[in-house]
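Biologist: I would like a close look at a single part of this model. Please take the interface between the two chains.

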Amino acid sequence: MGNDLTEAEAKVYDRQLRVWGLELQKRLMAARILIAGCSSGVAAEVAKNIALAGVGSLSLLDDAPCKSEAAACNFLISADADQAQSVAEASAATLHEMNPLVNIAALPGGLPAIPDPEFLRGFEVVLITSAPFSTLLQYDAACRQLGVAFFTASSRGSTSFFFANLHSHEYTPLETPAGVVPTKAISAFPSLASALSQPWKTLRARYTHKLVYVVRVCADFESHTGRFPTTEDLPALQQRARELAADARAAAAADANGGPLPRDLISEDVMPAGVLEEYVIGNAELAPVNAVLGGVLANEVLKAVSHKGEPVKNFFFFSLGDNVGLVETLGEIV
Amino acid sequence: MKEKIKSAKVLCVGAGGIGCELLKTLVLSGFEDIELIDMDTIETSNLNRQFLFRRKHVGESKAKVAADSVRAFRPNAKIVAHQGNVKESKFDKEFFQKFLLVLNGLDNVEARRHVNRLCLSAGIPLIESGTEGYLGQVTVHYRLKNAAGEATHVTECFECAPKQSRNKTYPVCTIRNTPDKPIHCIVWAKELLFARLFGRPDQVTDLDENKNKEGEGDGKEEGPSVFLRQDGESADAYAARIFKRVFTEDIENVLKMEDLWKNRDPPTPLRLDSILGQSSSAASDTHGAASNGTAAAHSNGGLQAAGDSACKALGLTDSHRVWNLRENAQVFLESIRQFLEGRPGEVGEAVFDKEDDLAVEFVTAASNLRAAAYGIPQQSLFNAKGIAGNIIHAIATTNAIVGGLIVIEAMKLLAGAPEHSKATFILKHITNPKMKRLLNAVSPGEPSPKCAACGTARLELVIDTHTTSLGQLIDKVLKKRLSLVEPTVRTDGGFEYEEGEGLDEDEVEANRGRLPLMLDALPGGGLGHGMTAHVEDQVQEFKVAIEITHKDDWDEEAHPEGFILGGSVPPSAPTANGDTSVAAGPSAPAAVSDGDDDDLIIVEAPTLAQQQRDAKGKQKRENEDEEAPRKRQRAVQQSDNVIELD
């Protein structure tokens, strides 16, 4: 390939070209990305990061009014934005100013309850935030059919995670030793449904992030009810956690091959006090958590379209406090 | 907690890559009382990550625009923007004491060290950060006290752990005679040739000292005038003459130094006529404009403003393609011609600037021609610019993550939970499959007792106390080497020397009168062998005890500075933007800082003659040089064995 960058592009992207090179930049510039549910602060962070990186087109989908409470953490909405604008419109206006070289579009309407394959087909990557798992599961399945990379992210209180499904993803390593021709590798991703039904008996409790259990319990709830849990639902969620833990212990005890070591056994209160509560009640996003999660997630979106760098498979967790950002691989590849 | 955050007065140092992200995350987290310092103005190459800036802001103050942009989404945030250098005296201890926390988003070690000392002196916790490419880190530094004044929580300070400088050193003789890497050629093109042709004529570069100093070559005495354009000489003739001089004759001369080529491949002199006469059907020569030397450039470049770009004139639009030999020669000639004809006022004044296209083109072509002569791989314009400008690689995502981590640490401190403080490192990929971590966090390091900034470090100074005056001690050791601004020196015998504001005129006079005294003859028993100098800088509240060891009989070759400073010394060469530092910690990524600005490489080593005379001395000198801070000398390069690339 020749040098297709315009002079303006070369000047603005100079510093990142020195990080990831011209070929990768050109792949980014051909990428079409959808972010649906962009009220959240984490969506705003990702949108900013990938718009700065210079993707080809970035489409936003969120018809909530831009001055709504839910969009309080979206810094892309200017204080003097027209109240009549949607979150998508107000965010797109700022993103366009931030990087006029990217084709930014605010799409009309909200996320359809039933995925429309014709619509999704127009993107290489779809990121959905602020939707219950009932919706996410449908979109993950639809994207899988189309081969469109699917991400979802959630940041509540001090805890946060994102999920990635790149299906069968071919990539070259981020860096190879000088003189070595990079070899392609394939990373196969489980579906969201499979990831969410990973039996707890297979998890090594000592090394597993506590949010794995929280997300599972909430996902079960959301996929049954089609809505987010509230404070009133906490007892039911805790009950569900105890059931899953009991099942896991029973399954481990029945395991003919000796089963897991005692220290890896799931305890009854698998989730430390407060973690579930904070996740369920803590609707308030914390900006620094969004910044961290949005930064790591944007890197993954860029990896998905550039096919460069080993991707995170398939959950990433970050909580304020311990500052550890941890990758968990859940689910079976079918 | 919300109230605490709202009322907390915090200082952000730096409004660049990290600073923009930090400022945004601070105000989104509820911080409303922020002061921001940055001396820089906005450049186009900032816009890929410094998201508070727009194209229309290029040239404006980063601090001011960042503050304005943040008010666009958080109008109630009070942000005071200072366009200035954090090292200015107005940002003193009293200024720092206004704040509950200091948050650094800096791009050079020198400023970081200064802020660290001020934070130590003002007793304000410091949150430090740095990024480079995918790597980043956030560390916390404080000594918290209870009401009774006892230290309750203490971490290492920024200077406790040694920092590795990104700056590299190259022996002058390698640059001048035996380059074997692209960087050697770029240093030569930029520091020696560019400075010689376009810089100040009185500026001595190693290019013309070659023969005189070492008695090599034909031994003919010649001044720098050989590199100046002669009366009546056309720009084209001058360019061709310079080509012949540096790529033909100088290479032929260096070939005569037979010792050099016993164990390495000798270079091949280049001949301009044969290069330009090469068939243009060479596979890589795909650009029609590059057809017939500068003649084509002239006709082609008629539309171009001369002095703007040789590449444009020659139709070389792909900055990622490595030029062939012929194209390099054409760019070399054309860039000289454009410099002379398009920017005559700058000739004799020019300083290399990585944003100056023509200068970068000249350096690329010159270094590639030299590389061709020596059989060294050549570089694209893009790569050569990166190397010559020492450009830091930077992306938005890493800065965003680091900005978030800084605010997290700030919130922990405000919540009164310093026991939860972490040093956090962003990794490029999972390094330990069992730990599965992309962000790794560890407890802050312990203070080092050997730290000269915060510890009870004792330095050891070996010096000739009979022949070294107090003034020399202060200039060479305390100011140059230890980065003190206004030092005070006390001896156990009661002698005192002071500098700085607040002294009467007669006190200043009295102090000045002490400067010529030799160390061992200072009043109160002197500062001789085995004695201790108690040294202090009141602005930085930097304090250190220096034990003196007397030594006469110095080998000037081995120790040109005339002293050896040992013990725990602040690490080397805090001299320019873009220095980087390696943080401590089990999985610390290599060091990091998002600099946007020009940076430097310090090049220093013994001359060839010295090397040949005293191999052992060379070894010692190099070891010592690694620790020797060198002040940046932008305009005038005086030392003959130091080449700075900036």
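Biologist: How much area do chain B and chain A bury between them, and what share of it is on carbon and sulfur atoms?

Modeller: This is a predicted model: local features need pLDDT of at least 70, side-chain atom pairs count only at pLDDT 80 or more, and totals for chains, interfaces and linings use all residues. Residues are numbered from 1 along each chain as its sequence is written, chains are lettered from A and ligands numbered from 1 in the order in which they are written, and side-chain values use heavy atoms, with hydrogens and water left out.

Chain B and chain A bury about 4,800 Å² between them. Of this, 62% is on carbon and sulfur atoms. Buried area is the accessible area (1.4 Å probe) lost by two parts on being put together, summed over both. In contact (heavy atoms within 4.5 Å) are 60 residues of chain B and 51 residues of chain A.

The rule finds six salt bridges across the interface. A salt bridge puts a side-chain nitrogen of Lys or Arg within 4 Å of a carboxyl oxygen of Asp or Glu. Lys436(B) and Glu328(A) form a salt bridge through their side chains, at 3.0 Å, N to O.

Which elements supply the side of chain B that touches chain A? H2 (17–28), H3 (62–73), H15 (381–388), H16 (396–414) and strand S10 (437–442) of chain B each give at least two residues. H16(B) gives the most, with 11 residues. Helices (H or I, at least four residues) and strands (E, at least two) are DSSP runs, numbered from the N terminus.

S10(B) also pairs with strand S10 (residues 325–328) of chain A, antiparallel, over two bridges. Pairing requires at least two bridges found by DSSP. Here Gly325(A) stands opposite Leu439(B).
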